[in-house]
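Here are my notes on the model, point by point. Please read them with the coordinates open.

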Amino acid sequence: MTQRNAASTPEADGVRARRVRDALTAAFEPARLEILDESSRHAHHVAMTRGPEAGATETHFRVYLVSRLFEGVNRVNRSRMVHDALGYEFGSGLHALALTLRTPEEESALA
């Protein structure tokens, strides 16, 4: 069972969250993927005005992703890989991601 920050919201299930999940699943074949929508914690931000989803409410996510594709890849490049996989979403209203990206071995070492 995942431990969540008490301020975090439940697993995201909105339209954008489902697209993010689909894109990350296709790109990374995750051993584990958790997506939390934290947009409500950032309601003071100005709504995004670009892209086909101007004013979208799903703008901030916390992503926990475990994939063997991160083996031998440093933290910065892991983040770049995720941002590249979600390029469309950033162009259509996604504003920010808080990322935890691990290999299966790194995940096992935490148990």
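1. First, a term. A salt bridge here is a side-chain nitrogen of Lys or Arg within 4 Å of a carboxyl oxygen of Asp or Glu. By that rule, R16, R19 and E89 are linked in a network of salt bridges. The structure as a whole holds seven salt bridges.

2. Ground rules. This is a predicted model, where local features need pLDDT of at least 70, side-chain atom pairs count only at pLDDT 80 or more, and totals for chains, interfaces and linings use all residues. Residues are numbered from 1 along each chain as its sequence is written, and side-chain values use heavy atoms, with hydrogens and water left out.

3. Overall fold. The protein has four helices and three strands. Helices (H or I, at least four residues) and strands (E, at least two) are DSSP runs, numbered from the N terminus. Their order along the sequence is α-β-β-α-α-β-α. Contact means heavy atoms within 4.5 Å. Of the contacts between residues at least 6 apart in sequence, 74% join residues at least 24 apart.

4. The accessible surface is about 6500 Å². Carbon and sulfur atoms account for 53% of that surface. Areas come from the Shrake-Rupley method with a 1.4 Å probe; for residues, only the protein chains shown count as cover. Buried means under 20% relative accessible area, exposed over 50%, and partly exposed in between (1.4 Å probe, protein chains only). Of the 111 residues, 36% are buried.

5. Which side chain meets R16 in a salt bridge? It is that of E89, at 2.6 Å from N to O. This pair links distant parts of the chain: R16 is in helix α1, E89 is in helix α3 (residues 87-91), and they are 73 residues apart. R19 also forms a salt bridge with E89, with the closest N and O atoms 2.7 Å apart. R19 is in helix α1 too, 70 residues from E89 in helix α3.

6. R16 has a relative accessible area of 1%. E89 stands at 5% relative accessibility, so it counts as buried. R19 has a relative accessible area of 26%, so it is partly exposed.

7. A polar atom of the R16 side chain lies 2.9 Å from the backbone oxygen of S92. A polar contact is a pair of N or O atoms within 3.5 Å; within protein, one must be able to donate a hydrogen and the other to accept it, and residues adjacent in sequence count only if both atoms are side-chain atoms.

8. The aromatic pair. The structure holds one. The ring centres of F28 and F70 are 5.3 Å apart with their planes at 40°, so the pair is tilted. Rings of Phe, Tyr and Trp (its six-membered ring) pair if their centres lie within 6.5 Å; planes under 30 degrees apart count as stacked, over 60 as edge-to-face and the rest as tilted. F28 is in helix α1 and F70 in the loop between β2 (60-66) and α2 (75-85), so the pair ties together parts 42 residues apart in sequence. F28 is buried at 2% relative accessibility. F70 is buried at 0%.

9. Is S67 buried or exposed? At 0% relative accessibility, S67 counts as buried. S67 lies in the loop between β2 and α2. A polar atom of its side chain is 3.1 Å from the backbone nitrogen of L69. Beyond its neighbours within four places in sequence, S67 is in contact with F28, E29, R102, T103 and P104.

10. E29, a backbone point to check. E29 has a positive phi of about 40° although it is not a glycine. E29 lies in the loop between α1 and β1 (32-37).

11. R32, with two partners. R32 and E107 meet in a salt bridge (2.5 Å, N to O). They link strand β1, holding R32, to helix α4 (residues 104-110), holding E107, 75 residues apart. R32 also lies over the face of Y64, at 4.1 Å from the ring centre. A charge sits over a ring if NZ of Lys or CZ of Arg is within 6 Å of the ring centre and within 35 degrees of the ring normal. At 24% relative accessibility, R32 counts as partly exposed.
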